[in-house]
Amino acid sequence: MRISVIGSGAWGSALAKLLGDGGHTVTMWSHDAALAAAIEEARENRGFLPGARFAARFHCTADLEQAVRDAEVVISVTASHFVRDTMARAAPFLAPEAVVVSASKGIEVETLCTMHEALAQVLPGPIAGRLAILSGPSFAREVGAGLPTAVVIAARHLAVARRLQEAFSSQTFRVYTSDDVVGVELGGALKNVIALAAGCADGLGLGNNARAALITRGLAEITRLAVHKGANPLTLSGLAGMGDLVLTCTGELSRNRHVGMELGRGRSLDEVLGEMKEVAEGVRTTRSAYALSRKLGVDLPITAMAHRVLYENHAAAEAVVELMTRGLRHELE
């Protein structure tokens, strides 16, 4: 297949390598012309995914029209706050039968739209009707290294998901299908917020019990919001929910966990983010998830405390005490 990857960060590069190794013709777009030229020459993204060499039928360009024209599958994998604008600019050049896959994880701050909702607003109607979501526990570095990974692709029409399943699957990358777009997408976005909180707990030295509690209760509030928006609760016990949550809350490659740990150690958010060249999506998603919970009237206590720590100068240690001393309740409430 002819596949376009829109975004040249670590995750976009890992997907481009995976699909190129699978025999597809892959064109990756970068907003940075110098970076695109460097990747094209080196056959490797040395800045974001060093050591992962691209296949022969791979090209990188800063020309968005060139990147998407005639592509059968277009993967949107920029940082979430660039998705709407980037794909709106790409839309006029998409082939009529193209399938767009969102592989970015986040919720827009300004609109509170998920990536699927944002893309549906800027893509032509028939293409918007075929939108799919790729999510699940998948560190880019491990996918790029060819380590075993399992993910899920969700689309409202299972035939679309099955077509993509065939295209993406390999000996090291196992893809499951789902028609629960809402559950898969919100699981992937909201787990980053919980990972920030889990990282804070680790930075404070609160131990394994606290981390397990945050993961479990974090899953409860992710499920609460997703179900409110129409998701199947069972989706959140799968790869896009529990699977991705556990990985992001415990894995040493997790950028969101790293940010939380540094905050727990007493560093400022600006200081931590200033040292990072990649985006920790949970920082922005904490703001949008908190706003969405208030709009919908859904209780997300861990998200609310993460918001206070990130944006209201609240001490992480005090947030833990407040979470532990909330009103007592039944576990399934």
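In this predicted model, there is one aromatic pair. Phenylalanine 54 and phenylalanine 58 make up this pair, which is stacked, with 3.9 Å from centre to centre and 10° between the planes. Phenylalanine 54 has 8% relative accessibility and therefore counts as buried. Phenylalanine 58, at 1% relative accessibility, also counts as buried, because the cut-off for buried is under 20%.

| Charged residue | Ring | Distance from the ring centre |
|---|---|---|
| Lysine 277 | Phenylalanine 48 | 5.6 Å |
| Arginine 287 | Tyrosine 311 | 4.0 Å |

The structure also has an open sheet of eight strands, with mixed pairing and the order β3-β2-β1-β4-β5-β6-β7-β8. The edges are held by β3 (58–61) and β8 (173–178); each has a single partner strand, so one side of each lacks a neighbour in the sheet. From one strand to the next, the twist averages 25°.

At the β3 edge, the partner strand is β2 (residues 25–29), which runs parallel to β3 and is joined to β3 by four bridges. Tryptophan 29 has threonine 61 in β3 as its bridge partner. Strands of a sheet pair through backbone hydrogen bonds, and the pairing can be parallel or antiparallel.

Two helices lie across parts of the sheet. Helix α4 (residues 80–90) lies across β1 (2–6), β2, β4 (73–76) and β5 (99–102), and runs at about 155° to β4. Helix α9 (residues 181–203) lies across β5, β6 (132–135), β7 (149–155) and β8, and runs at about 40° to β6.

Terms used: Residues numbered from 1 in each chain as written. Predicted model: local features only at pLDDT ≥ 70, side-chain atom pairs only at ≥ 80, totals over all residues. Heavy atoms only, no water. Phe/Tyr/Trp six-rings, centres within 6.5 Å; stacked < 30°, edge-to-face > 60°. Buried < 20%, exposed > 50% of the residue type's maximum accessible area, 1.4 Å probe, protein only. Lys NZ or Arg CZ within 6 Å of the ring centre and 35° of its normal. Pairing = 2+ DSSP bridges. Axes fitted to C-alpha atoms, helices over the stretch in contact; angles between N-to-C directions. Contact = heavy atoms within 4.5 Å.
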